[in-house]
Amino acid sequence: MGVDATRVWDSSSFCGGDLAVDFVNTVSGVGIRRVRERLEVYGDLLGWAVAAGTLEPDLRDALAAQAAGDAAAAAAALARALSFREAVFAALDTIRAGGAVPAGPLPLINDMLTDALAHRRLIDRGGRVVWHWLPEPSLDRPLWPVAQAAAALLTDGPVGRLRMCEAADCGWVSLDTTKNRSRRWCDMAVCGNRAKAARHYRRRRSR
Ligand SMILES: [Zn+2]
């Protein structure tokens, strides 16, 4: 398994409205047999975290070098990322569908959160106390901010606003922040326009 990552993460990759939701959306089409995995190699995880603004390029380079030097460790870290992602998705999706917070995914989320919080510190930055991630070259580092975001979302977040994109082959989740709760698509520029084009095509065909 390589660590090269040339994948492009654009604004539609971050349309979920929350870091944990965006992380869940690194795969699409789950459950509808059109799975499109965007975390195929460990380097994809690094690229995503840099694009998300949660990993500094310097640390990304250090982690990429570490992963290149230990392919088995990088593969294990990627596997942990995918299991963690599934746990976050399971928790969010159950809540979205109106169910109670499920106990099943919580241990995995807790494990990642425990690891994350061990590397979180309060520091002084120009007279202000702020949260800071210790710059430790752990291969799980891209997941720590996600674990923290997932915990915040599950406990205090607007989970009642979780929606699944209406496009049949998408499966992305997002937080509906529209005033009248009218969000139908993950991203208007992606699935919204595709749906519009499909409607247009059907109209033309039925003439
Ligand atoms: Zn969509």
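Helix α6 covers residues 144-156, and its 13 residues should span 18 Å at 1.5 Å a residue, which agrees with the 18 Å between its end C-alpha atoms. The expected span here is 1.5 Å times one less than the number of residues, and helices (H or I, at least four residues) and strands (E, at least two) are DSSP runs numbered from the N terminus. Before going on, please keep in mind that this is a predicted model, where local features need pLDDT of at least 70, side-chain atom pairs count only at pLDDT 80 or more, and totals for chains, interfaces and linings use all residues. Residues are numbered from 1 along each chain as its sequence is written, and side-chain values use heavy atoms, with hydrogens and water left out.

Staying with α6, its buried residues are Trp144, Pro145, Val146, Ala147, Ala149, Ala150, Leu153 and Leu154. Buried means under 20% relative accessible area, exposed over 50%, and partly exposed in between (1.4 Å probe, protein chains only). An α-helix has 3.6 residues a turn, so residues three or four places apart point the same way. The cover over the buried residues of α6 includes the helices α1 (19-24), α2 (42-52), α4 (71-96) and α5 (106-117), along with the strands β4 (128-133) and β6 (173-175).

Take leucine 154 of this helix as an example: its relative accessibility is 18%, so it counts as buried. Leaving aside residues up to four places away in sequence, leucine 154 touches Ala91, Leu92, Ile95, Ile109 and Val159, where contact means heavy atoms within 4.5 Å.

Cysteine 186 is buried at 1% relative accessibility, and cysteine 191 is buried at 3%.

Arginine 181 sits in the loop between β6 and α7 (188-205). Its phi is positive, about 55°, although it is not a glycine. With a relative accessible area of 39%, arginine 181 is partly exposed.
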